[in-house]
Amino acid sequence: MPAVVIIGAQWGDEGKGKATDLLAGRIDYVVKFNGGNNAGHTVVVGDEKYALHLLPSGILTEGVTPIISNGVVVDIEVLFGELDALSARGVDVSRLLISANAHVITHYHRTIDKVTERFLGKRQIGTTGRGIGPAYADKINRVGIRIQDLFDENILRQKVEGALNIKNHLLVKVYNRRAIGADEVVDELLSYAERLRPMVVDTALVLHQALERGETVLFEGGQATMLDVDHGTYPFVTSSSSTAGGAATGSGIGPNRIDRVIGIVKAYTTRVGAGPFPTELFDESGEFLRKTGFEFGTTTGRPRRCGWYDAPIARYTARINGVTDFVMTKLDVLTGLESIPVCVAYDVDGVRVDEVPVSQSDFHHAVPIYENFAGWSEDISGARTFDDLPKNAQDYVLAIEAMSGARISAIGVGPARDAIVVRHDLLG
Ligand code: GDP
Ligand code: IMO
Ligand code: MG
């Protein structure tokens with residue numbers, strides 16, 4: 001069972017590191033295939049807490065070779081900062097490999113991210129401000145800078161000048177900002193080249209060879225299905241393919257290589273940034289979820305919007321990604337609630353709609369139709385088998401499983417690495 005993809009099934013921050021941890025010791029390679037340092041993964045290992053942005057959380061697993069593949073946008077300063085911080089804490093990062101085709105986030109991408117958001121005013125997306133969208137826009141527009149360009153000064157200069165040409169007109173004439181000089185960008189990028197060089201390889205070839213040898217490769221998606229540029233709540237999305245298909249295009253393996261797709265869902269729902277969110281709560285229940293679940297962004301520190309579990313979204317995710325297994329996280333956060341509502345369908349202008357509506361406007365004002373489940377008050381953080389869970393918690397999981405389009409193979413019951421109930425082997 002060599003190629004496994006992990007994806008977020010909601011709007012991100014589902015606790016994707018939990019599934020990675022579950023596979024620890026059985027993975028040879030871990031690949032970040034999309035996004036950049038907009039991601040924020042908090043992973044608790046023993047007494048240590050790690051916050052990762054650009055690097056996949058699998059880097060914390062000893063013996064694994066981490067890969068940043070072609071689908072990623074790389075802010076090199078952030079990359080070096082994260083590598084140094086992990087090294088200082090004793091994590092071996094020496095095996096990291098980076099695709100020569102990955103795109104680079106530069107100073108001007110970050111600037112443009114911030115000024116475009118400001119200009120959108122009320123229509124803001126609420127981006128992380130890390131230059132992600134502008135870097136992907138340049139890639140699609142064929143004016144991006146790739147990692148390999150850093151090793152050819154002439155090419156790099158030509159490309160940076162080309163990319164800045166129109167941008168400087170925009171920055172000065174539209175956004176009222178100062179122009180960015182090509183030299184300062186080129187010099188900065190060149191200063192990274194030597195340290196970067198030994199890490200840069202044909203990662204698609206490395207992965208192909210690993211799979212041929214029967215080694216296990218974990219593709220760790222950043223962001224989530226509902227933030228995917230094609231399948232998410234566009235335009236309130238990120239700018240990459242964060243669904244399972246993105247693992248193939250974002251790394252250069254064939255789609256028929258993928259054996260398992262693991263969708264990570266929270267036992268409720270959260271979202272950071274703007275955009276539709278039918279089950280969002282504005283009352284004390286939302287406050288309860290935010291407080292109990294520590295729902296504050298790892299990257300920007302923003303409070304996350306919180307709401308109940310949305311079964312049509314889980315079904316949508318299962319379809320779009322070909323989910324074989326769900327890992328449900330944070331069931332422990334629901335402990336103490338008398339009754340737990342689950343969205344089973346929507347009311348759109350008086351009509352019951354069972355699936356995610358095709359029209360974004362319908363989704364914007366879809367009103368959840370809830371079914372209520374009885375809660376439990378027992379502490380479940382020590383549960384390690386399904387039988388250890390209180391009957392009402394079991395019933396909640398089973399009911400959700402029946403609505404969600406794939407089996408729930410593991411259940412998170414606390415932030416710690418081992419706080420998990422396994423029902424089915426994720427590689428079995
Ligand atoms: P990611 O973006 O999907 O990697 O997730 P984040 O790290 O942004 O957010 C998930 C948070 O939930 C982290 O702080 C985790 O430590 C925490 N977490 C993961 N699984 C569980 C769980 O089962 N229970 C609780 N209480 N916290 C969890
Ligand atoms: P992880 O991997 C939650 C959201 C931002 C914003 C939108 C676009 O930790 O699950 P961007 O900076 O990507 O252009 O912002 O996407 N967003 C995330 N929300 N978790 C993430 O990553 C996110 N990455 C981006 O809040 O609404
Ligand atoms: Mg996160």
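Is Phe-119 buried or exposed? Phe-119 counts as exposed, at 52% relative accessibility (buried means under 20% relative accessible area, exposed over 50%, partly exposed in between, with a 1.4 Å probe and protein chains only). Here are some notes to read beside the structure.

1. Ground rules. This is a predicted model, in which local features need pLDDT of at least 70, side-chain atom pairs count only at pLDDT 80 or more, and totals for chains, interfaces and linings use all residues. Residues are numbered from 1 along each chain as its sequence is written, chains are lettered from A and ligands numbered from 1 in the order in which they are written, and side-chain values use heavy atoms, without hydrogens and water.

2. The nonpolar patch. Phe-119 sits in helix α3 (residues 107-120), while helix α5 (residues 153-174) gives the largest share, three residues. Helices (H or I, at least four residues) and strands (E, at least two) are DSSP runs.

3. The magnesium ion. Asp-13 (OD) and Gly-40 (O) coordinate ligand 3, the magnesium ion, at 2.0 Å. Asp-13 is in the loop between β1 (3-8) and α1 (16-22) and Gly-40 in the loop between β2 (29-32) and β3 (41-45), so the pair ties together parts 27 residues apart in sequence. Gly-40 is buried, with a relative accessible area of 13%. Do keep in mind that donors are N, O and S atoms within 2.8 Å of the metal (3.2 Å for Na, K and Ca), and that sites may look incomplete because water is not among the atoms.

4. Thr-335. This residue is in the loop between β15 (325-329) and β16 (339-348). Its C-alpha atom is 5.4 Å from that of Ser-377, 42 residues away along the chain. Beyond neighbours within four places in sequence, the contacts of Thr-335 include Phe-288, Trp-376 and Ile-380 (contact means heavy atoms within 4.5 Å).

5. Backbone points to check. Most residues other than glycine have a negative phi, and most peptide bonds are trans. Tyr-234 and Pro-235 are joined by a cis peptide bond, with omega about 5°. Arg-142 has a positive phi of about 65° and counts as exposed at 77% relative accessibility. Asn-176 also has a positive phi, near 60°, and is exposed at 70%.
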